[in-house]
Amino acid sequence: MKKLKIATYNINGIRAHLPNLLAWLKRESPDIVCLQELKAVDSAFPASELEAIGYGAVWQGQASWNGVAILARGAQPLESRRGLPSDPGDKHSRYLEAAAHGVVVGCLYLPNGNPQPGPKFDYKLAWFERLILHAQTLQASEHPVVLAGDYNVVPTDNDIYSPRSWLKDALLQPQSRECFARLLEQGWCDALRTIYPEERLYTFWDYFRQHWQKNSGLRIDHLLLNPTLSPYLKNAGVDAWVRNEPHASDHAPTWIEISSRKQRH
DNA sequence: ATGACTTACAGGGTAAGA
């Protein structure tokens, strides 16, 4: 295995937050990046700006909403899948898969699902089922696989500043949590919780009510590692400084560090 | 609290996010 920093970042509009993205890439130099919520059509993707600072990219855009991309430092990701299997009628740009630096990377933007109950929540759960189905194949792969993105699930009450005001939210529903738990039960390693079993770690702070200033956050961006990759997990974290920058996305980049040698956990 | 704050699209006000 090669030493790598792999990150996921919900950019909340890649054109609106391109300066934030470029500043973060220059400072932290992640080797692989999964982006969500591009909110841009394919032709508006800033491929040349990213190439100028050394990043190759594959992307799946969409007008106004959704949109995912995979970046690789000093390399061109080799796309292996666009969209999840088993629903060709789904037009949302929420899943992209590519190989880069010897790792298979699944980049996902799981539906938010609010308001619930309702059709949007039904869509969330249906999408989750398709993900679980596809993830089974990836989990069993002999290749190293990371499944990274905005899962729009707060896995436990230890992943939020206070569950009380979010009890009716789709991100905390038992059905959403049960899907995430079933995914983990396939044998995936939740990288941040493996490195930090108890600590409060957040990856999202909404724009309302001064939640960033009060550190009222949620952990909803996750990196799951298959058994081929997980022994090499060395470190993980959240680049929270990015959330503090002027005109920031409401998410912060969340990352793992892969070692060249197996680690003890 | 059918809220607050921010984005895209458009060129104002709505839909969507989480």
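Reader: Which residues of α3 are buried?
Author: They are K124, W127, F128, L131, A135 and L138. One thing to keep in mind as we go: this is a predicted model.

Reader: Okay! And what do those buried residues pack against?
Author: The buried residues of α3 pack against β7 (103-109), β8 and α4 (174-185).

Reader: Why does the span of α3 agree with what it should be?
Author: α3 has 21 residues, and at 1.5 Å a residue they should span 30 Å. The C-alpha atoms at its ends are 30 Å apart, so the two agree.

Reader: Let me pick one residue, I132. Where does I132 lie, and is I132 buried or partly exposed?
Author: I132 lies in helix α3, which covers residues 119-139. It counts as partly exposed, because it has 16 C-beta neighbours inside 10 Å, while a buried residue needs 20 or more.

Reader: What is I132 in contact with, leaving aside its neighbours within four places in sequence?
Author: I132 is in contact with C179, R182 and L183. C179 is 47 residues from I132 along the chain, yet their C-alpha atoms are separated by 7.9 Å.

Reader: Nice. Switching to strands: what's the order in the open sheet?
Author: The open sheet has six strands in the order β5-β6-β7-β8-β10-β9, and the pairing is mixed. β5 (78-82) and β9 (189-190) stand at the edges with a single partner strand each, so one side of each has no neighbour in the sheet.

Reader: And how many residues of β8 are buried?
Author: Six of the six, so β8 is largely enclosed by the rest of the structure. β8 pairs with β7 in the parallel sense over six bridges. The chain gets from β7 to β8 through α3, and this β-α-β crossover is right-handed.

Reader: In what sense does β8 pair with β10?
Author: In the antiparallel sense, over five bridges, with β8 covering residues 145-150 and β10 covering residues 221-225. For example, V146 has L225 in β10 as its bridge partner, and D150 stands opposite D221 in β10.

Reader: Last topic, the DNA! How many residues surround DNA strand B, and which are the closest?
Author: There are 25 residues around DNA strand B, and the closest are G13, A16, K39, N112 and N114. The residues of that surface divide into 10 nonpolar, eight polar and seven charged.

Note on methods
Residues numbered from 1 in each chain as written. Chains lettered and ligands numbered in written order. Predicted model: local features only at pLDDT ≥ 70, side-chain atom pairs only at ≥ 80, totals over all residues. Helix = DSSP H or I, 4+ residues; strand = E, 2+ residues; numbered from the N terminus. Buried ≥ 20, exposed ≤ 12 C-beta atoms within 10 Å, placed from the backbone. Contact = placed C-beta atoms within 7 Å. Near = placed C-beta within 6 Å. Nonpolar A, V, L, I, M, F, W, Y, C, P; charged D, E, K, R; others polar. Pairing = 2+ DSSP bridges. Expected span 1.5 Å × (residues − 1). Right-handed = clockwise from strand over helix to strand, strands pointing away.
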